[in-house]
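Hi everyone, thanks for making the time.

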Amino acid sequence: MKSGFVHLLGKSNVGKSTFVNSIVGDKVSITSDKPQTTRNRINCIYNREDAQVIFLDTPGIHKPDNSLGSYLVEEARKGIKGSDLILYMVEPWEDVPDDERPFLRKISSQDEDVFLLVNKVDIYSPAQIARTLEAYEEEEIFKEYIPISALTGDGVDIALDKVIDYLPEGKRLFPEDVSTDKPLEFLMAELVREKVYELTYEELPYSVATRTKSYERRDEEDLLEVYIDVFVVRRSQKGIIIGKNGKKIKEIGKRARKDLEKMVGSKVYLDLKVKVAKNWNRKTDSVESLAGFDSE
(Lines give C-alpha, C1' and ligand atoms only; values in the text may rest on other atoms or scores of the structure.)
Protein backbone atom coordinates (compact mmCIF):
# COMPACT_ATOMS: atom_id res chain seq x y z
CA MET A 1 0.00 0.00 0.00
CA LYS A 2 1.33 3.44 -0.99
CA SER A 3 0.03 6.73 0.40
CA GLY A 4 1.14 10.33 0.67
CA PHE A 5 0.68 14.02 -0.05
CA VAL A 6 1.47 15.45 -3.49
CA HIS A 7 1.71 19.24 -3.79
CA LEU A 8 0.62 20.62 -7.17
CA LEU A 9 2.18 23.95 -8.15
CA GLY A 10 2.34 26.15 -11.22
CA LYS A 11 1.42 29.51 -12.67
CA SER A 12 -2.20 30.61 -12.91
CA ASN A 13 -4.34 28.89 -15.52
CA VAL A 14 -1.95 26.09 -16.49
CA GLY A 15 -4.60 23.44 -15.78
CA LYS A 16 -3.87 22.19 -12.25
CA SER A 17 -7.52 21.84 -11.22
CA THR A 18 -8.46 20.12 -14.49
CA PHE A 19 -5.63 17.63 -13.90
CA VAL A 20 -6.79 16.84 -10.37
CA ASN A 21 -10.45 16.50 -11.35
CA SER A 22 -9.52 14.12 -14.17
CA ILE A 23 -7.71 11.84 -11.70
CA VAL A 24 -10.11 12.00 -8.76
CA GLY A 25 -13.16 11.62 -10.99
CA ASP A 26 -15.25 14.16 -9.07
CA LYS A 27 -15.48 17.93 -9.42
CA VAL A 28 -13.46 18.80 -6.32
CA SER A 29 -11.78 21.92 -7.73
CA ILE A 30 -13.63 24.47 -9.82
CA THR A 31 -12.21 25.19 -13.24
CA SER A 32 -12.22 28.19 -15.55
CA ASP A 33 -10.19 29.53 -18.45
CA LYS A 34 -9.59 32.63 -16.30
CA PRO A 35 -6.43 32.98 -14.14
CA GLN A 36 -6.51 32.79 -10.33
CA THR A 37 -9.72 30.76 -10.21
CA THR A 38 -8.47 28.47 -7.42
CA ARG A 39 -8.20 30.37 -4.12
CA ASN A 40 -7.61 27.65 -1.55
CA ARG A 41 -5.36 24.70 -0.97
CA ILE A 42 -7.73 21.79 -1.56
CA ASN A 43 -6.96 18.20 -0.63
CA CYS A 44 -8.21 16.07 -3.52
CA ILE A 45 -8.10 12.37 -2.72
CA TYR A 46 -7.49 9.58 -5.22
CA ASN A 47 -8.13 6.01 -4.07
CA ARG A 48 -7.37 2.65 -5.55
CA GLU A 49 -6.81 -0.77 -4.02
CA ASP A 50 -3.06 -0.37 -3.55
CA ALA A 51 -2.73 3.40 -3.09
CA GLN A 52 -4.17 6.63 -1.74
CA VAL A 53 -2.83 9.90 -3.17
CA ILE A 54 -3.76 13.24 -1.61
CA PHE A 55 -3.23 15.98 -4.19
CA LEU A 56 -3.00 19.51 -2.82
CA ASP A 57 -4.44 21.79 -5.50
CA THR A 58 -3.21 25.34 -4.93
CA PRO A 59 -3.77 28.86 -6.26
CA GLY A 60 -1.63 29.79 -9.24
CA ILE A 61 1.70 31.54 -8.82
CA HIS A 62 1.57 35.20 -9.85
CA LYS A 63 2.74 38.66 -8.80
CA PRO A 64 0.20 39.97 -6.28
CA ASP A 65 -1.18 43.51 -6.48
CA ASN A 66 -3.60 43.50 -3.53
CA SER A 67 -4.44 41.57 -0.34
CA LEU A 68 -6.30 38.90 -2.29
CA GLY A 69 -3.30 38.34 -4.57
CA SER A 70 -0.93 38.13 -1.59
CA TYR A 71 -3.26 35.64 0.07
CA LEU A 72 -3.33 33.43 -3.04
CA VAL A 73 0.45 33.38 -3.37
CA GLU A 74 0.85 32.53 0.31
CA GLU A 75 -1.67 29.69 -0.06
CA ALA A 76 0.43 28.33 -2.93
CA ARG A 77 3.56 28.39 -0.79
CA LYS A 78 2.00 26.70 2.23
CA GLY A 79 2.18 22.96 2.41
CA ILE A 80 5.30 22.47 0.31
CA LYS A 81 7.13 21.31 3.40
CA GLY A 82 5.63 18.06 4.59
CA SER A 83 4.63 16.90 1.12
CA ASP A 84 5.99 13.59 -0.13
CA LEU A 85 6.26 14.80 -3.71
CA ILE A 86 5.91 18.05 -5.67
CA LEU A 87 4.38 18.31 -9.14
CA TYR A 88 5.25 21.50 -11.02
CA MET A 89 2.98 22.17 -14.00
CA VAL A 90 3.83 24.36 -16.98
CA GLU A 91 2.66 24.88 -20.54
CA PRO A 92 4.89 24.30 -23.60
CA TRP A 93 6.07 27.90 -23.73
CA GLU A 94 9.57 26.76 -24.80
CA ASP A 95 11.55 28.83 -22.28
CA VAL A 96 11.52 29.17 -18.50
CA PRO A 97 9.75 32.49 -17.77
CA ASP A 98 11.78 34.88 -15.61
CA ASP A 99 8.92 35.32 -13.14
CA GLU A 100 9.03 31.58 -12.40
CA ARG A 101 12.66 31.46 -11.35
CA PRO A 102 12.20 32.65 -7.72
CA PHE A 103 9.67 29.88 -7.16
CA LEU A 104 11.86 27.31 -8.87
CA ARG A 105 14.73 28.28 -6.56
CA LYS A 106 12.45 27.74 -3.57
CA ILE A 107 11.38 24.34 -4.88
CA SER A 108 14.98 23.30 -5.53
CA SER A 109 15.84 23.97 -1.89
CA GLN A 110 13.25 21.44 -0.67
CA ASP A 111 14.03 17.84 0.20
CA GLU A 112 11.05 16.47 -1.73
CA ASP A 113 11.38 15.04 -5.23
CA VAL A 114 9.89 17.24 -7.96
CA PHE A 115 8.23 16.18 -11.24
CA LEU A 116 7.68 18.49 -14.20
CA LEU A 117 4.28 18.15 -15.89
CA VAL A 118 4.08 19.86 -19.29
CA ASN A 119 0.34 20.32 -19.81
CA LYS A 120 -1.81 21.19 -22.86
CA VAL A 121 0.25 19.09 -25.25
CA ASP A 122 -2.90 18.60 -27.32
CA ILE A 123 -2.74 22.23 -28.53
CA TYR A 124 1.03 22.69 -28.96
CA SER A 125 3.44 21.28 -31.53
CA PRO A 126 5.90 18.45 -30.75
CA ALA A 127 8.76 20.91 -31.37
CA GLN A 128 7.41 23.33 -28.75
CA ILE A 129 6.98 20.50 -26.25
CA ALA A 130 10.53 19.25 -26.88
CA ARG A 131 12.04 22.75 -26.46
CA THR A 132 10.11 23.21 -23.21
CA LEU A 133 11.37 19.91 -21.81
CA GLU A 134 14.94 20.83 -22.72
CA ALA A 135 14.64 24.29 -21.15
CA TYR A 136 13.41 22.94 -17.82
CA GLU A 137 15.89 20.07 -17.86
CA GLU A 138 18.67 22.66 -17.75
CA GLU A 139 17.35 23.80 -14.35
CA GLU A 140 18.43 20.39 -12.93
CA ILE A 141 15.54 20.31 -10.45
CA PHE A 142 13.22 17.59 -11.71
CA LYS A 143 13.25 13.81 -11.24
CA GLU A 144 10.72 13.12 -13.99
CA TYR A 145 9.52 15.00 -17.10
CA ILE A 146 6.00 14.07 -18.21
CA PRO A 147 4.03 15.63 -21.11
CA ILE A 148 0.26 15.49 -20.50
CA SER A 149 -3.09 16.87 -21.54
CA ALA A 150 -5.28 17.23 -18.47
CA LEU A 151 -8.22 18.01 -20.76
CA THR A 152 -8.01 14.91 -22.98
CA GLY A 153 -6.37 12.62 -20.41
CA ASP A 154 -3.31 11.96 -22.57
CA GLY A 155 -0.37 11.06 -20.32
CA VAL A 156 -2.36 11.49 -17.09
CA ASP A 157 -2.27 7.75 -16.25
CA ILE A 158 1.48 7.74 -16.84
CA ALA A 159 1.89 10.67 -14.46
CA LEU A 160 -0.29 8.99 -11.83
CA ASP A 161 1.65 5.71 -12.00
CA LYS A 162 4.94 7.60 -11.64
CA VAL A 163 3.58 9.51 -8.64
CA ILE A 164 2.55 6.29 -6.90
CA ASP A 165 5.95 4.72 -7.62
CA TYR A 166 7.65 7.57 -5.71
CA LEU A 167 5.28 7.62 -2.72
CA PRO A 168 6.24 5.90 0.54
CA GLU A 169 4.52 2.81 1.85
CA GLY A 170 1.78 3.58 4.33
CA LYS A 171 -1.86 3.21 5.29
CA ARG A 172 -4.82 5.26 4.05
CA LEU A 173 -4.94 8.71 5.58
CA PHE A 174 -8.59 9.39 4.66
CA PRO A 175 -11.66 7.13 4.32
CA GLU A 176 -11.73 5.29 1.01
CA ASP A 177 -15.09 6.74 -0.07
CA VAL A 178 -14.17 10.46 0.09
CA SER A 179 -12.66 12.58 -2.69
CA THR A 180 -11.88 15.75 -0.70
CA ASP A 181 -11.52 16.92 2.88
CA LYS A 182 -13.47 20.11 2.17
CA PRO A 183 -16.98 20.40 3.64
CA LEU A 184 -20.07 20.39 1.43
CA GLU A 185 -20.78 24.07 2.07
CA PHE A 186 -17.36 24.99 0.68
CA LEU A 187 -17.85 22.94 -2.48
CA MET A 188 -21.32 24.37 -3.08
CA ALA A 189 -20.13 27.97 -2.71
CA GLU A 190 -17.23 27.27 -5.09
CA LEU A 191 -19.59 25.91 -7.74
CA VAL A 192 -21.62 29.11 -7.59
CA ARG A 193 -18.44 31.19 -7.93
CA GLU A 194 -17.49 29.16 -11.00
CA LYS A 195 -20.81 30.06 -12.66
CA VAL A 196 -20.43 33.73 -11.72
CA TYR A 197 -17.02 33.63 -13.41
CA GLU A 198 -18.53 32.09 -16.53
CA LEU A 199 -21.08 34.87 -16.93
CA THR A 200 -19.50 38.02 -15.46
CA TYR A 201 -15.70 37.62 -15.45
CA GLU A 202 -15.01 40.32 -18.03
CA GLU A 203 -16.76 42.92 -15.85
CA LEU A 204 -15.75 41.52 -12.45
CA PRO A 205 -12.45 39.62 -12.74
CA TYR A 206 -11.42 39.38 -9.08
CA SER A 207 -14.24 41.12 -7.22
CA VAL A 208 -16.47 38.15 -6.42
CA ALA A 209 -16.57 35.85 -3.41
CA THR A 210 -19.21 33.30 -2.43
CA ARG A 211 -20.15 31.75 0.89
CA THR A 212 -22.80 29.20 1.86
CA LYS A 213 -25.07 30.80 4.44
CA SER A 214 -27.02 27.63 5.27
CA TYR A 215 -28.41 24.44 3.80
CA GLU A 216 -31.00 21.92 4.87
CA ARG A 217 -31.95 18.51 3.49
CA ARG A 218 -35.65 17.61 3.24
CA ASP A 219 -35.58 13.84 2.90
CA GLU A 220 -39.32 13.46 2.42
CA GLU A 221 -39.09 15.60 -0.73
CA ASP A 222 -35.63 14.37 -1.84
CA LEU A 223 -34.63 18.04 -1.82
CA LEU A 224 -31.64 20.06 -0.60
CA GLU A 225 -32.35 23.71 0.21
CA VAL A 226 -29.21 25.84 -0.23
CA TYR A 227 -28.73 29.53 0.58
CA ILE A 228 -25.56 31.14 -0.76
CA ASP A 229 -24.38 34.76 -0.54
CA VAL A 230 -22.46 36.32 -3.44
CA PHE A 231 -20.20 39.21 -2.39
CA VAL A 232 -18.93 42.02 -4.61
CA VAL A 233 -16.67 44.99 -3.93
CA ARG A 234 -18.92 47.88 -5.02
CA ARG A 235 -22.63 48.58 -5.25
CA SER A 236 -22.43 49.10 -9.03
CA GLN A 237 -21.17 45.50 -9.38
CA LYS A 238 -24.25 44.15 -7.65
CA GLY A 239 -26.37 45.26 -10.60
CA ILE A 240 -24.02 43.53 -13.05
CA ILE A 241 -24.49 40.17 -11.35
CA ILE A 242 -28.25 40.56 -10.93
CA GLY A 243 -28.67 41.77 -14.53
CA LYS A 244 -31.64 43.40 -16.16
CA ASN A 245 -34.87 42.09 -14.60
CA GLY A 246 -32.77 39.57 -12.65
CA LYS A 247 -31.85 37.70 -15.83
CA LYS A 248 -28.14 37.22 -15.03
CA ILE A 249 -28.55 35.91 -11.49
CA LYS A 250 -31.28 33.53 -12.69
CA GLU A 251 -28.89 32.06 -15.28
CA ILE A 252 -26.12 31.77 -12.67
CA GLY A 253 -28.53 29.93 -10.40
CA LYS A 254 -29.74 27.66 -13.18
CA ARG A 255 -26.21 26.58 -14.13
CA ALA A 256 -25.10 26.17 -10.51
CA ARG A 257 -28.18 24.17 -9.55
CA LYS A 258 -27.57 21.72 -12.38
CA ASP A 259 -24.06 20.95 -11.10
CA LEU A 260 -25.17 20.91 -7.47
CA GLU A 261 -27.79 18.27 -8.22
CA LYS A 262 -25.09 16.08 -9.77
CA MET A 263 -22.92 16.63 -6.68
CA VAL A 264 -25.52 15.81 -4.01
CA GLY A 265 -27.64 13.31 -5.95
CA SER A 266 -30.98 14.99 -5.30
CA LYS A 267 -33.08 17.97 -6.35
CA VAL A 268 -31.75 21.34 -5.19
CA TYR A 269 -33.53 24.55 -4.30
CA LEU A 270 -30.90 27.29 -4.61
CA ASP A 271 -31.35 30.80 -3.23
CA LEU A 272 -28.69 33.37 -4.17
CA LYS A 273 -28.34 36.77 -2.52
CA VAL A 274 -25.91 39.39 -3.88
CA LYS A 275 -24.31 41.58 -1.20
CA VAL A 276 -21.73 44.38 -1.12
CA ALA A 277 -18.61 43.93 1.04
CA LYS A 278 -16.77 47.14 0.23
CA ASN A 279 -13.20 46.55 -0.98
CA TRP A 280 -13.14 43.06 0.55
CA ASN A 281 -10.31 41.99 -1.80
CA ARG A 282 -8.00 44.69 -0.39
CA LYS A 283 -8.53 43.92 3.30
CA THR A 284 -6.65 41.01 4.83
CA ASP A 285 -9.35 40.04 7.31
CA SER A 286 -12.04 40.12 4.61
CA VAL A 287 -9.91 38.07 2.24
CA GLU A 288 -9.41 35.39 4.89
CA SER A 289 -13.11 35.21 5.73
CA LEU A 290 -14.44 35.36 2.16
CA ALA A 291 -11.80 34.11 -0.28
CA GLY A 292 -10.27 31.89 2.39
CA PHE A 293 -13.62 30.63 3.69
CA ASP A 294 -12.01 28.00 5.90
CA SER A 295 -8.66 29.74 6.28
CA GLU A 296 -6.27 28.06 8.68
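Lys258 is exposed, because its relative accessible area is 55%, and exposed here means over 50%, with buried under 20% and partly exposed in between (1.4 Å probe, protein chains only). You'll find Lys258 in helix H8, residues 247-264. Helices here are DSSP runs of H or I with at least four residues, strands are E runs of at least two, and both are numbered from the N terminus.

Before I go on, a word on where this comes from. This is a predicted model, where local features need pLDDT of at least 70, side-chain atom pairs count only at pLDDT 80 or more, and totals for chains, interfaces and linings use all residues. Residues are numbered from 1 along each chain as its sequence is written, and side-chain values use heavy atoms, leaving out hydrogens and water.

Back to our lysine. Together with Lys254, Arg257 and Lys262, Lys258 forms a positive surface patch. A patch takes residues with over 30% relative accessible area and no salt bridge, joining like charges within 9 Å and nonpolar side chains (Val, Leu, Ile, Met, Phe, Trp, Tyr) within 5 Å. A salt bridge is a side-chain nitrogen of Lys or Arg within 4 Å of a carboxyl oxygen of Asp or Glu.

There is a negative patch too, made of Glu134, Glu137, Glu138 and Glu140. Glu138 sits in the loop between helix H4 (126-137) and strand S6 (144-147), and counts as exposed because its relative accessible area is 64%.

Now let's go inside. Is Leu87 buried or exposed? Leu87, in strand S4, is buried, because its relative accessible area is 0%. Setting aside neighbours within four places in sequence, Leu87 has contacts (heavy atoms within 4.5 Å) with residues including Phe19, Phe55, Phe115 and Val163. The C-alpha atoms of Leu87 and Val163 are 8.9 Å apart, although 76 residues separate them along the chain.

Ser83 is in the loop between helix H2 (67-77) and strand S4 (85-90). Ser83 counts as buried because its relative accessibility is 6%. Beyond four places in sequence, Ser83 touches Phe5, His7 and Glu112.

Finally, the whole chain: 9 helices and 9 strands, with buried residues making up 52% of its 296 residues. Of the contacts with a separation of 6 or more, 72% are between residues 24 or more positions apart. Happy to take questions!

Note on methods. Areas by Shrake-Rupley, 256 points an atom, 1.4 Å probe, with all protein chains shown as cover. Lys, Arg positive; Asp, Glu negative; His and termini not counted. Charge placed at Lys NZ, Arg CZ, Asp CG, Glu CD.
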